[in-house]
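Notebook open, structure loaded. I want to jot down what I look up as I go through the fold.

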Amino acid sequence: MLVRIASALIALPFVVWLIHIGGWPFVALILFVAAVCAYEFFVMTMPGDRGSVVSFTAMNVALVFAFVTGFVASPASVPLLGLVPSAVLVWFLFRIGDMQTVAARAAFVVLGCAWTGLMVAATAAVRLLPEGRAWFLLACVLGANADARELQDRRVVHDAVYGRRGGHRVAKDLVPLRE
C-alpha cells in the first residue's frame, strides 16, 4: 500500500500537467492508461496465452487511438471497426486451443476492448468539452473517491464478519475463506 501511495504522489503532478497541456502528450497518457487497463484485463481472462494478450492489448490501444483522434467519426472507420469481431474470431479459430471455447474467448476480447478501451476513450473525450480540463479532473477525483469508498466499505464488511482482531463473528460455513 505504501508503494501505491508513493507512486501516486510522484506521478500525480506529472499526470495533472499532461491533462492541463492537452494535445499529443495527453493522447500519449491516454494510450498508456488504455494499454495498462487492457493488459491487466487480458492477463486475467487469458492466462498463459502471452501472444493473445500482447496482440489484443495492441489492438485495444489502436482502437483507443482511433477514438481519441476522431478517426471513428469518418466513413472509412465503419468497415474497419466491423472487421474487429471477425478478426478476433479468426484469431482464435486458428490458434491452438479448445474449439468449444472459441466463442467465449472471442467474446472476452471484444467485450474487454469495449470495456477498457471505450471507458478510457470516453474519459479522454470529456477533455474536449468546454472547460474540459476541469471536467476531466472532476471525473478523476470522483473515480478516486469511489475507489476509496469501496475499499472502506470492504473493510467495514470484513470487520463485521471477522471482528477487528480477526476472530469469526459468524459461522465458518457462511464465510469459509478469509482475506
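Predicted model: local features only at pLDDT ≥ 70, side-chain atom pairs only at ≥ 80, totals over all residues.

Below are my entries, from the whole chain down to single residues.

**Entry 1: the chain.** I looked up the secondary structure and got six helices and zero strands. Read from the N terminus, the order is α-α-α-α-α-α. The chain has 179 residues, and I find 26% of them buried. I also checked contacts with a sequence separation of 6 or more: 53% of them join residues 24 or more positions apart.

**Entry 2: helix 1.** I took residues 2-21, which form helix 1 and number 20. The distance from first to last C-alpha is 29 Å, close to the expected 28 Å. Still, I see a bend of about 40° at Ala11, with Pro13 following within four residues. Just past the end of helix 1 sits Gly22, with a positive phi of about 65°.

**Entry 3: helix 3 by itself.** Does the span of helix 3 agree or disagree with 1.5 Å a residue? It agrees: 20 residues should span 28 Å, and I get 29 Å between the end C-alpha atoms. Gly70 follows helix 3, and its phi is positive too, near 90°.

Next I listed the buried positions in helix 3: Ser52, Val53, Phe56, Thr57, Met59, Asn60, Leu63, Val64 and Ala66. What do they pack against? I find helix 2 (23-45), helix 4 and helix 5 (102-126) as partners of these buried residues.

As a spot check I picked Ala58, which is also in helix 3. Its relative accessible area is 47%, so I log Ala58 as partly exposed, the class between 20% and 50%. Ala35 lies 23 residues from Ala58 in sequence, yet their C-alpha atoms are 7.3 Å apart.

**Entry 4: helix 3 against helix 4.** Two packed helices are described by the angle and the distance between their axes, and I looked up both. For helix 3 (residues 50-69) and helix 4 (residues 77-93), the axes come within 13 Å and cross at roughly 180°. An angle over 145 degrees counts as roughly antiparallel, so that is how I file helix 3 relative to helix 4.

Which residues meet there? From helix 3 I have Gly51, Ser52, Ser55, Phe56, Met59 and Leu63; from helix 4, Leu81, Val84, Val88, Trp91 and Phe92. By type, this contact splits into eight nonpolar, three polar and no charged residues.

Terms used. Residues numbered from 1 in each chain as written. Heavy atoms only, no water. Axes fitted to C-alpha atoms, helices over the stretch in contact; angles between N-to-C directions. Helix = DSSP H or I, 4+ residues; strand = E, 2+ residues; numbered from the N terminus. Parallel < 35°, antiparallel > 145°, perpendicular 65-115°, else oblique. Contact = heavy atoms within 4.5 Å. Nonpolar A, V, L, I, M, F, W, Y, C, P; charged D, E, K, R; others polar. Expected span 1.5 Å × (residues − 1). Bend = angle between axes of the 7 residues up to and from the residue. Buried < 20%, exposed > 50% of the residue type's maximum accessible area, 1.4 Å probe, protein only.
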